[in-house]
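Thanks for coming. I will take you through one structure today, starting with a term and then going from region to region.

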Amino acid sequence: MKYLLGLATALAGIASASAQSLPPVPSTNAVPSTSTPIPSMPSVGSSPPLPTAAVPVAIAPVRHRNVLPSPAELRVRAANRSATREPERQAFVNAVQVYPFSDGVLYRLFAAPERVTDIALQPGEAVISVAAGDTVRWTVGDTTSGAGESKRVHILVKPFAAGLATNLVITTDRRAYHLQLESTAATSMAALSWSYPQDELIAIRRAAEQERAAAPIATGLAIEQLQFGYAITGDNPPWRPLRAFDDGRQTYIEFPASIAVGEAPPLFVLGPTGDAQLVNYRVSGRFYVVDRLFGAAELRLGEKKQSVVRITRTDSERKRRRGGRVS
């Protein structure tokens, strides 16, 4: 009996403990609460919570101000414009534009896609270098025509598209060419070349000098009347005379060929007391022709360091010609 009472007491204790540990069962008749819980406000002085992800910030684009060109830039632009030579109608020989060459001039060349423009140099001219500002969108090549003295170099240019602009520099053993290249949709120059007025002028002068050198310095000279009894002394400049002689009426002073490219010295005739006087003479090729005879004369050139060459007449040859022997 006691055993049964104790077992009943234990079972009652277990049931009471189980009832206290189980969560309460909500009632089916209960109405859910509609109130929203109020979030707690952070206390004064507390740090705000850090964001969980970085938010991209929009950066305003940088706007560059339009900078006006400097006076030096404006001067360069003006110089380039004034130095640019455009194609001219009267300068075309068939389809070839012939520019007169001059140092420092910019020559305009119009090209087009799928068209090759030929730049013909002077016959006999050898190319040293060819440089283009844009080698990506322009094709630049070279070839030759002819042989020997008539061999001619041709520079060939072609753009890949219209609306391109660049420059081209060609250096040779004679000169440098500067070209402004511009591509259009359909207009292109078939070829261009140059005339060389300076070379033509040099050739004319050279031919005239050769003609003067071949011409006699005087007409009616008798060989038996020429007197070569002159001594040349003094300094030894490049223009030192080779000889002097006379025909009994005029005196002739012969210079080396280099006198044609250098400064010619003036001639002074020395008087009996040694005073120098300018004398009238004319230049014939590399000869001075003096319309008188003199005993002594000097050629002087220079200021601080003056070169002086004296020409003195000797009487030995004259005495020999008159008396048949030298006394």
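A residue is called buried under 20% relative accessible area, exposed over 50%, and partly exposed in between, using a 1.4 Å probe and protein chains only. What you see is a predicted model, in which local features need pLDDT of at least 70 and side-chain atom pairs count only at pLDDT 80 or more, while totals for chains, interfaces and linings use all residues. Residues are numbered from 1 along each chain as its sequence is written, and side-chain values use heavy atoms, with hydrogens and water left out.

Let me begin with the rings. Rings of Phe, Tyr and Trp (for Trp, the six-membered ring) pair if their centres lie within 6.5 Å; planes under 30 degrees apart count as stacked, over 60 as edge-to-face, and the rest as tilted. The whole structure has 11 aromatic pairs by this search. One of them joins phenylalanine 228 and phenylalanine 245, a tilted pair at 5.0 Å centre to centre with 35° between the planes. Helices (H or I, at least four residues) and strands (E, at least two) are DSSP runs, numbered from the N terminus.

Is phenylalanine 245 buried or exposed? Phenylalanine 245 counts as buried because its relative accessibility is 7%. Phenylalanine 228, at 40%, counts as partly exposed.

Elsewhere, one aromatic cluster is formed by Tyr99, Phe101, Tyr107, Tyr177, Trp194 and Tyr196. The charged end of arginine 175 sits over the ring of phenylalanine 101, 5.2 Å from the ring centre. The test for that is NZ of Lys or CZ of Arg within 6 Å of the ring centre and within 35 degrees of the ring normal.

Now the strands. Two strands pair if DSSP finds at least two bridges between them. Strand E5 (residues 117–120) pairs with strand E8 (residues 152–159) in the antiparallel sense over 4 bridges, and isoleucine 119 stands opposite isoleucine 155 in E8. E5 also pairs with strand E11 (residues 191–195), in the parallel sense over 2 bridges, where aspartate 118 stands opposite alanine 191.

In a regular strand the side chains alternate between the two faces of the sheet. In E5, Thr117 and Ile119 point one way, Asp118 and Ala120 the other way, and all are buried.

Strand E7 (residues 138–145) pairs with E8 over 8 bridges, antiparallel. These two strands form a hairpin with 6 residues between them, and glycine 146 in the turn has a positive phi of about 80°.

There is also an open sheet of 5 strands, in the order E12-E20-E19-E15-E16, with antiparallel pairing. Its edge strands are E12 and strand E16 (276–278), each of which pairs on one side only.

Last, threonine 184, in the loop between strand E10 (176–183) and E11. Threonine 184 counts as buried because its relative accessibility is 19%. With contact meaning heavy atoms within 4.5 Å, and leaving aside neighbours within four places in sequence, threonine 184 is in contact with Phe110, Ala111, Ala112, Pro113 and Ala162.
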